[in-house]
Amino acid sequence: MSKATLDAPAKEEEKVSPLLKMVLELGPLVVFFFANSRGEWLASHFPVLAEMGGPIFIATGLFMAATAIALVVSWILTRTLPMMPLISGVVVFVFGALTLWLQNDTFIKMKPTIVNTLFGVILLGGLFFGKSLLGYVFHAAFKLTDEGWRKLTLRWGLFFLVLAVMNEVVWRNFSTDFWVAFKVWGTMPITILFTLSQMPLIMRHSAEQPEEEKAP
């Protein structure tokens with residue numbers, strides 16, 4: 001596969017404004033939080049939602065719908081679906097469906113654990129076989145040395161496993177409302193701070209542009 005082929009989806013994605021990309025990524029989580037906190041109000045005004053069950057089940061159903069909409073909009077705008085949101089979306093649909101069908105919120109609570117563990121194992125497993133898989137995902141966003149990709153992949157792999165453990169601790173020991181709030185207002189800020197903390201590594205291991213790509 002040529003470099004032009006690899007970079008084509010990234011060039012399309014660059015046309016999408018950062019604000020819209022943030023809305024597509026965070027929108028479903030905000031819907032989930034709002035629907036859980038206002039579940040009774042939604043059920044009273046939209047009887048069809050009441051058939052799903054209590055607030056957490058209404059939130060799960062709307063979370064699934066919002067995730068599907070975000071993926072469709074992303075596809076329409078970029079003609080590609082980023083691998084990580086796609087995998088996360090599939091797990092949302094599977095575990096969300098089990099949550100609604102069995103009326104057991106354990107499944108949707110385990111979703112972050114499954115997704116983060118999956119990402120962590122994939123990244124660390126790739127390193128075990130000599131592959132810095134994070135480089136394939138973000139090759140168009142960052143130009144790093146091989147050592148830089150290895151270090152960044154290792155850190156993200158471990159971070160995903162930490163998120164999985166945190167989710168397990170929270171949902172097993174605290175209320176559903178606390179878990180939902182932590183999922184939106186705890187996990188996201190922690191992820192943003194972790195991402196920013198990696199900038200020194202990215203700058204330290206940035207690969208120099210080839211001579212023909214440098215501006216005159």
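Is Glu168 buried or exposed? With a relative accessible area of 19%, Glu168 is buried, where buried means under 20% relative accessible area, exposed means over 50%, and partly exposed lies in between (1.4 Å probe, protein chains only). Keep in mind that this is a predicted model, in which local features need pLDDT of at least 70, side-chain atom pairs count only at pLDDT 80 or more, and totals for chains, interfaces and linings use all residues. Residues are numbered from 1 along each chain as its sequence is written, and side-chain values use heavy atoms, leaving out hydrogens and water.

Let's look at charged partners. Side chains of opposite charge can pair when their charged atoms come close. A salt bridge here is a side-chain nitrogen of Lys or Arg within 4 Å of a carboxyl oxygen of Asp or Glu. Searching the whole structure turns up three of them.

Start with Glu168, whose salt-bridge partner is Arg172, with the closest N and O atoms 2.6 Å apart. Arg172 is exposed, at a relative accessible area of 53%. (Helices are DSSP runs of H or I with at least four residues, numbered from the N terminus.)

Helix 9 covers residues 146-173, and Glu147 and Lys151 are also four residues apart in it, about one helical turn. Their closest N and O atoms lie 3.1 Å apart in a salt bridge. Glu147 is partly exposed at 38% relative accessibility, and Lys151 is partly exposed at 32%.

Finally, find Lys109 and Asp105, whose side chains meet in a salt bridge at 3.6 Å, N to O. Lys109 is buried at 7% relative accessible area, and Asp105 is buried at 18%.

Definitions and conventions. Helix = DSSP H or I, 4+ residues; strand = E, 2+ residues; numbered from the N terminus.
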